[in-house]
Structures are given as C-alpha cells and as structure tokens.
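I opened this model to look up its side-chain pairs. My notes follow in the order in which I made them.

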Amino acid sequence: MKILPLLSLLALVPALSAGPAVGATDYFSRYDGAWSGGGSVKVEQLPSATSVSCKVDGNRTGGRSFALSGRCRAMLLMSRDIGAKLSLDPRTGVYRGVYTGSSSGPARLVGRLKGDTLDLRVTWNRVIYDDNTARMLIRNHGGKAFIMQVVEKIDGKSVVVSNLSFRR
C-alpha cells in the first residue's frame, strides 16, 4: 500500500519561511517544536481516502534552513518514518530540499512562498498516478496550526490526494 502523497506532503512543512532572507527566521519559527495532526490521504490501491494520524517535530538548522522528522500511521497497521530538509536561497527566494520516507526514494522539493502559503513542486523518483510530479501547498497564518495539501494529476484532472491539519 502506498501513502506517498501523505508522506511527501509532510516533507514540506519545514520549507516554510518568510520569503527572501528578511524575515525567514521568523517564519521558520512558526514550525519549531512538536506537532500532531491528521486528515485524509488517497492511497493508489484503495477506492476511497484513508484516515491518517501523524506526529512530527520541526527544528531550524540555521536562519535559512529547516528539518522535519516524525512518523505517520494509517489504518492501525501501517507506520512510516518521514523527514525533510529544506533551505531558502535568499538571493532568489527559492526553497529547495529533499524529502525522505517515500517508497519511491528521496523526492526533490522546489518552490516559493506566496503570502502565508508555501507552494512547492514535488518530483518523485517514479511515476505516481499520471506522472512523477505533484504540487504541495502548506498554509500557516502565524497561529498554532497549519494545513498541508498535496495535489496530483489523476486522469488529467487536479485532485487533492492528501489533506492534513496540524496543531501544537
């Protein structure tokens, strides 16, 4: 059973920051510490979405970089360690990193911050659904909660395959 969209989505949490160099540290601080959450994830082999729960810890590894690690569980039988490392290039305002934990191997992450939403392109090491890319959106308005979504192309249409909410 594949829970790749969920796991890739979690990888993006650390990528959030406040745009080019100025304010990056402040925005990254929104993700420091322990988080728990859950929601729904569409698994390739199942006809409907599956409920999941996750616990992750976020840590700044510098003013322009962040690391995330944790574990997600689905259907009481599945569990997977996840992790990601992301950094901001202050010159270009581009976020880059690597997500680990997917059965397809490490995934490449690249994107930009738009307001309070990090918009990332995920590049898998193999085709999932229609191609080897997905879009990840992470929204944090500065409170003690954030939302992550992964959007995949399925039969040529954009479909939200993972929709998770996290709280402190």
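**Aromatic rings**

I began with Trp-35, which is buried at a relative accessible area of 2%. For this I took buried as under 20% relative accessible area, exposed as over 50% and partly exposed as in between, with a 1.4 Å probe and protein chains only. The model is predicted: local features need pLDDT of at least 70, side-chain atom pairs count only at pLDDT 80 or more, and totals for chains, interfaces and linings use all residues. Residues are numbered from 1 along each chain as its sequence is written, and side-chain values use heavy atoms, with hydrogens and water left out.

I then looked for ring partners. Rings of Phe, Tyr and Trp (its six-membered ring) pair if their centres lie within 6.5 Å; planes under 30 degrees apart are stacked, over 60 edge-to-face, and the rest tilted. The count comes to 4 aromatic pairs. One of them is Tyr-31 with Trp-35, a tilted pair with 6.4 Å from centre to centre and 35° between the planes. Tyr-31 and Trp-35 are both buried. Trp-35 and Phe-146 have ring centres 4.7 Å apart and planes at 75°, so I noted this pair as edge-to-face. Trp-35 is in strand E1 and Phe-146 in strand E9 (residues 145-154), so the pair ties together parts 111 residues apart in sequence. I took helices (H or I, at least four residues) and strands (E, at least two) as DSSP runs, numbered from the N terminus. Phe-146 is also buried, with a relative accessible area of 2%. Tyr-31, Trp-35, Phe-146 and Phe-166 make up one aromatic cluster.

**Disulfide**

I searched the whole structure for disulfides (pairs of cysteine sulfur atoms within 2.5 Å) and found 1. Cys-54 and Cys-72 form it, with their sulfur atoms 2.5 Å apart. The torsion about their S-S bond is about 110°, so the disulfide is right-handed. Cys-54 lies in strand E2 (residues 50-62) and Cys-72 in strand E3, so the pair ties together parts 18 residues apart in sequence. Both Cys-54 and Cys-72 are buried.

**Salt bridges**

Next I searched for salt bridges (a side-chain nitrogen of Lys or Arg within 4 Å of a carboxyl oxygen of Asp or Glu). The whole structure has 6.

Arg-30 pairs with Asp-116, and their closest N and O atoms are 3.3 Å apart. Arg-30 is in the loop between helix H2 (24-28) and strand E1 (33-41), and Asp-116 in the loop between strand E6 (107-114) and strand E7 (117-128), so the bridge ties together parts 86 residues apart in sequence. Arg-30 is partly exposed at 22%, and Asp-116 is partly exposed at 26%.

Arg-71 and Asp-81 meet in a salt bridge at 2.7 Å, N to O. Arg-71 is in strand E3 (residues 65-74) and Asp-81 in strand E4 (residues 78-89), 10 residues apart.

Arg-135 and Asp-119 also form a salt bridge, at 2.7 Å from N to O. Arg-135 is in strand E8 (residues 131-139) and Asp-119 in strand E7, so the pair ties together parts 16 residues apart in sequence. Arg-135 is partly exposed at 42%, whereas Asp-119 is buried at 14%. Salt bridges link Lys-114, Asp-119 and Arg-135 in a network.

Which residues does Thr-117 contact, leaving aside its neighbours within four places in sequence? Counting heavy atoms within 4.5 Å as contact, I found Tyr-27, Arg-112, Leu-137, Ile-138 and Arg-139. Thr-117 is in strand E7 and is buried, with a relative accessible area of 15%.
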